[in-house]
Amino acid sequence: MDHSTDQRHKQDIDCEGKTVVITGAFSYTGKYAARVLLERGYRIRTLTYHPERENPFGDKVQVFPYNFDNPQRLMETLRGASTLINTYWVRFPRGAATFESAVQNTCTLINAAKEAGVRRIIHVSIANPSLESALGYYKGKAQLEQAVAESGLAYSILRPTVIFGLEDILINNIAWFVRHFPVFAIPGDGRYRIRPIFVEDMARLIVDATEREGNSILDAVGPETYTFEELVRLIADKLGRRTRVVHVPALVAYLATRVAGWFVRDVVLTWEEFKGLMTGLLAPEGPPTAETLLSKWVAANREHIGRRYASEVARHYAHSGT
């Protein structure tokens with residue numbers, strides 16, 4: 001091999017090492033992760049159900065459909081990448097999109113990545129997944145963690161709780177309800193805890209994980225822990241709202257969110273999300289892995305959060321697919 005050929009070979013290796021495939025680069029968390037990847041000089045491809053959507057990154061991000069029904073084509077879109085960052089999942093079943101289909105699709109993606117020569121996978125899971133869980137969301141996430149660990153690829157698994165930011169669902173919609181109603185109904189005693197993480201911190205954890213070696217599992221949690229009632233009162237206080245907090249049985253609160261969902265044409269909270277929240281699954285133990293304080297962020301963004309209702313259905317189902 002002459003010197004010029006050797007240099008081209010080295011450049012090809014370098015380019016391959018800096019090529020990352022990320023699912024949902026136009027979605028909430030994926031968008032922030034893509035920005036950090038670009039800042040660090042990575043070449044990005046994204047897989048999406050909505051390749052027709054406007055690409056905010058222009059030609060800096062190549063766009064491909066998921067092609068779960070065509071593993072060969074899916075493999076080709078992954079070939080040449082060193083790392084797969086997987087954020088794909090469904091928040092709740094809707095039509096053909098179920099937890100079971102999401103597990104199957106993700107396993108197809110993992111297998112395609114392995115066949116394509118991808119060396120590392122960064123998998124976004126959820127705090128406290130369990131194969132024994134009665135909740136389909138948490139059981140499905142545990143099944144995927146197992147699939148990642150058994151894939152033979154090097155991996156990092158990140159387990160976030162609630163990811164807050166200007167486009168988030170939970171924190172924004174609590175603020176929206178606080179802005180629009182004088183009373184906020186809290187299911188149960190409201191003492192169950194939550195450890196939210198800022199979306200930009202989460203994005204950095206994702207990208208940092210692409211640059212590590214070996215295998216790891218990390219809880220992605222912020223520096224503050226709140227009970228749910230404390231969280232609602234914090235948001236109301238920072239927004240300057242005199243909101244009356246009332247405690248109601250979980251079923252009553254759930255039915256109220258169902259009624260609210262009819263008016264806003266969305267799924268406000270699912271029963272599984274109620275159960276996960278009230279059983280403390282969103283507050284894992286251990287040290288924080290992020291720095292941004294929710295309290296300071298809410299204070300700094302009080303003019304913006306909750307101005308518009310954030311609809312999960314509109315965000316993910318306005319186009320065909322999921």
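**A walk from a surface patch to the inner strands**

Start by selecting Leu251, Leu255 and Trp271, which make a nonpolar surface patch of about 300 Å². (Patches take residues with over 30% relative accessible area and no salt bridge, joining like charges within 9 Å and nonpolar side chains, namely Val, Leu, Ile, Met, Phe, Trp and Tyr, within 5 Å; a salt bridge is a side-chain nitrogen of Lys or Arg within 4 Å of a carboxyl oxygen of Asp or Glu; areas are Shrake-Rupley values with a 1.4 Å probe, and for residues only the protein chains shown count as cover.)

A word on the model: it is predicted, so local features need pLDDT of at least 70 and side-chain atom pairs pLDDT 80 or more, while totals for chains, interfaces and linings use all residues. Residues are numbered from 1 along each chain as its sequence is written, and side-chain values use heavy atoms, leaving out hydrogens and water.

Stay on tryptophan 271. This residue sits in helix H10 (residues 271-278); helices (H or I, at least four residues) and strands (E, at least two) are DSSP runs numbered from the N terminus. Its relative accessible area is 35%, so tryptophan 271 is partly exposed (buried is under 20%, exposed over 50%, partly exposed in between, with a 1.4 Å probe and protein chains only).

Now for the rings. The model has 23 aromatic pairs, counted when ring centres of Phe, Tyr and Trp (its six-membered ring) lie within 6.5 Å; planes under 30 degrees apart are stacked, over 60 edge-to-face, the rest tilted. Pick tryptophan 176 and tyrosine 309: with centres 5.3 Å apart and planes at 75°, they are edge-to-face. Tryptophan 176 is in helix H6 (residues 170-180) and tyrosine 309 in the loop between H11 (294-300) and H12 (312-317), 133 residues apart. Tryptophan 176 is buried at 14% relative accessibility, and tyrosine 309 is buried at 17%.

Tyrosine 254 belongs to helix H9 (residues 250-264), and phenylalanine 274 to H10. Phenylalanine 274 is buried at 3%.

Finish at strand E2 (residues 43-48). Why is E2 largely enclosed by the rest of the structure? Because 5 of its 6 residues are buried. E2 pairs in parallel with E1 (residues 19-23) over 5 bridges (pairing takes at least two DSSP bridges), and valine 20 stands opposite isoleucine 44. E2 also pairs in parallel with E3 (residues 61-65) over 5 bridges, where leucine 47 partners phenylalanine 64.
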